[in-house]
Amino acid sequence: MTSTSPLLLDHADRVLYLVDGKVAASGRHRVLLETEPGYRALVARDMEAPQGTQDPQGTRSGGGAGDGTVEGAVR
C-alpha cells in the first residue's frame, strides 16, 4: 500500500519512506515522525492538505521530483 495518511500509516507494521525511488528510512510510523524530518514534513503536509486532494483511500498521486513516498505494510 502506498499512502501518506497518518491514520493508515500508524497501523502499518513497517513503513518505508522512499525518496527518488530509494528507501531513505524504514520503521514504525511514530518513530519515523520523531527521527526523519523529510518523512515528518510529507506526512504533516498530508494532514494539512485541502479538501479534495486525496482519494477515499487516503492516497495522493503526483508530486514533483524529490518528493518522498511512503509505503506501509500490515501483516
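The following questions and answers explain the terms applied to this predicted model. Local features need pLDDT of at least 70 and side-chain atom pairs count only at pLDDT 80 or more, while totals for chains, interfaces and linings use all residues. Residues are numbered from 1 along each chain as its sequence is written, and side-chain values use heavy atoms, with hydrogens and water left out.

Q: Why is the contact between arginine 30 and aspartate 10 called a salt bridge?
A: A salt bridge requires a side-chain nitrogen of Lys or Arg within 4 Å of a carboxyl oxygen of Asp or Glu. The N to O distance here is 2.7 Å, so the pair meets the definition. Arginine 30 lies in helix H2 (residues 29-35) and aspartate 10 in helix H1 (residues 6-10), 20 residues apart; helices are DSSP runs of H or I with at least four residues, strands are runs of E with at least two, and both are numbered from the N terminus.

Q: Why is arginine 30 called exposed?
A: Exposed means over 50% relative accessible area, buried under 20%, and partly exposed in between (1.4 Å probe, protein chains only). Arginine 30 has 55% relative accessibility and therefore counts as exposed.

Q: What makes aspartate 10 buried, partly exposed or exposed?
A: Its relative accessible area is 25%, so aspartate 10 is partly exposed.

Q: How do you know that aspartate 13 and arginine 28 form a salt bridge?
A: Their side chains meet at 3.9 Å, N to O, which is within 4 Å.
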